[in-house]
Amino acid sequence: MNVEQSLERLPESAIKLIGNDPAVRSRYANGEKLAVILRSGTWARSWLAGSDERERLVLRGLMRHYGSKPFETETLVRLLVRDLPLAGAEVKLAIARLRRSGILFAIRKAWGDKLVYLPSDAVALWQPLLLPAWGEETREEMLVASDVRILTEAYQPPLSVQLIAVWHALIGQPLGWTAKGNLHQQTVAKLNGLPHFGIRVLACLPIVYPHADQLGANTALAIDIGMRLGLTGKVRDRIHLIEGPRLREWLEMTPGEADLKLYELVSTVYAMGDSGLQLASSFVRSLPAGVWIVQKRLEVYGCTSKLEDWILLLEAFGWAERGESDEGSAFRLLADFSLSDTSSALASPIESDLQAKDLFIYVQPDGEVIVPPGAPLKYRWLLREIADVVAEDALSLYKLSKATCERAYNAGYTLARVVSALVEGSGGPLPESVSNALKDWFGMFGKAIIDEAVVLLRTEDGQVAKALLRDGEVADMIKERLTETIFVVDESALPTLRTRLRKLGFPAPERWETVQAEDGGGRCDGILGPATKQGWASLPHDLSVFEPDVIWPANDDMFPGLGDIPASWIAKPRIYHVSTKRQLLEQAIAWETPVYIGREGRSGTFLPSGAIDGEGGWAVSGRWRTEEGDEVEPAVIRSGDIGELMIDLPALQVAEPLATESD
């Protein structure tokens, strides 16, 4: 789940507590939405400036291990205590503080287990700040490759354009099931040939696709994306295109604008089951577009193979090109996917630099229509309805014809509507030859209409009726003449009648079945918020099925028996009897807290892990934490060498409950 979805599930009391965090308070008090604040780069930097180093270490560590995958607190504690100079209690307290700040959230399973998670859209926010794609000594220009040999073999239309083909195909032929539960093979064969991106590159995404034995993973992904955007859906046991305001708003975008949203969707929904893939997607967003980057110069924190997988995926989606330089593999982004400075809203794409003329289509005198890369998606959609696709390249090419106009007429288009749309798209009048051809073609349609409710043949006038009656084949299919222009025809002859009418120059319209959005469509600019629909494919870690957890650990939960120990143990370092030393250390080990040990030769913070009995007394094993706090050194300290001793209990001020069980 993303930030907005996570916040929506919290009670008002929890929202107010997060809104009172120092890094949030002033903006929240001024009426800014909490979901907007918690996706803001300004807020993230402000929080970091006031945070504790241990909180930063925990946030960095959980991102490397889990990304936005949910985790159990104890599992993360074991991982971070092994890798970092932290005690278990410090990790637990840092998690509590991160939840208090609205950075982490938690859910509770029905059987009581609790899982904590970083929202899916927060990885890209924190990665540049905590896990930058290049080191402090590496300047951006040092990443750039020269003399690159391009390996990408052919132009790939961007994903936004590739999806149009699949979604549009569902209008006339929705995807349905047979009585045996299989998909209709005819529709499957049609859809499987539409996406340009291959199936193999999708193997890196942790997704289980339905009907994988019939439907290609690329086609299933295209349908699933449509479902999550609210543009396709299952209605009456068939998957349809959902027509409505949401589809119209999507089609108003340029490919670049739509691809920015699709990048966000792929990164936060489809890649969330793999922390390495999530980090790779976030690394890419921090890189400049349009320049060749040497892959090996990037700091990828152990996810080199995942970065390679992600680049291959971007290439398949038409978002990147791969190459080879003298220094090895290289790639360049074909669009800017970076986050803006103040929020997680995507920055403007490279297409924003296109001139106004690149947003129009070009209608040629021979009926061909040229579509530049920056033209809004609505023109590609329109041309799929009224023309044939000749080529989808950097400049896409479509062709108007009598057959395509008949198809458009069947879809409900009139001559006036087609002309108006082409004039709007081209920004000027149509070539005379095209205008005349459209008038001639559309002039043939509607002269004869088949009423399938009663299987009636209706003609425009008596002259058309006489022409049809003179044709022996048509006359044989007529059962009864009701009026001068209306006839009852043999239902079994309907397909033959359609074919014959077309040959005679009187093609009868065939209306396509469409499905309208029941909820008004919603706004598609909220694809990562509550507007996101349920998909078709199975994704790991669907947290929405669990209840949010709003109970934080109290002092007694984190440090059971705190009120029963001598206050001096946590007040200041003292010298104790050897038996008391052991009791104190065993309590610290049980609580997983650091201790202060004063001894001759070395004093400081020690992270105890266990007591060891041996000849001549006992000893404690653990790790010394350096004065800088960034490293640890394993050690075993004999009881006789321990001087002053104190449990270094982490500050408890944020370990207050968000709510109680009674709430």
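Here, buried means under 20% relative accessible area, exposed over 50%, and partly exposed in between (1.4 Å probe, protein chains only). What you're looking at is a predicted model, where local features need pLDDT of at least 70 and side-chain atom pairs count only at pLDDT 80 or more, while totals for chains, interfaces and linings use all residues. Residues are numbered from 1 along each chain as its sequence is written, and side-chain values use heavy atoms, with hydrogens and water left out.

View 1. At 25% relative accessibility, glutamate 592 falls in the partly exposed class. Glutamate 592 isn't a glycine, yet its phi is positive, about 60 degrees. Most residues other than glycine have a negative phi.

**View 2. Histidine 211, another non-glycine with a positive phi.** Here phi is about 50 degrees. You'll find histidine 211 in the loop that links helix H11 (185–192) and helix H12 (217–228). Histidine 211 is partly exposed too, with a relative accessible area of 24%.

**View 3. Helix H15 packing on helix H16.** H15 (residues 275–285) and H16 (residues 304–316) meet at an angle of about 60 degrees, their axes 8 Å apart. Axes are lines fitted to C-alpha atoms, for helices over the stretch in contact, and angles run from 0 to 180 degrees between N-to-C directions. The pair is therefore oblique, the class left over once angles under 35 degrees (roughly parallel), over 145 (roughly antiparallel) and 65 to 115 (roughly perpendicular) are taken out. Gly276, Leu277, Ala280, Ser281 and Val284 of H15 touch Lys306, Leu307, Asp309, Trp310 and Leu314 of H16, contact meaning heavy atoms within 4.5 Å. That makes six nonpolar, two polar and two charged residues, where Ala, Val, Leu, Ile, Met, Phe, Trp, Tyr, Cys and Pro count as nonpolar, Asp, Glu, Lys and Arg as charged, and the others, Gly among them, as polar.

**View 4. An open sheet of three strands.** The order is E2-E1-E19, with antiparallel pairing; two strands pair if DSSP finds at least two bridges between them. E2 (114–117) and E19 (547–548) sit at the edges with a single partner strand each, so one side of each has no neighbour in the sheet. Four bridges join E1 (residues 105–108) to E2, and alanine 106 faces valine 116 in E2.

Definitions and conventions
Helix = DSSP H or I, 4+ residues; strand = E, 2+ residues; numbered from the N terminus.
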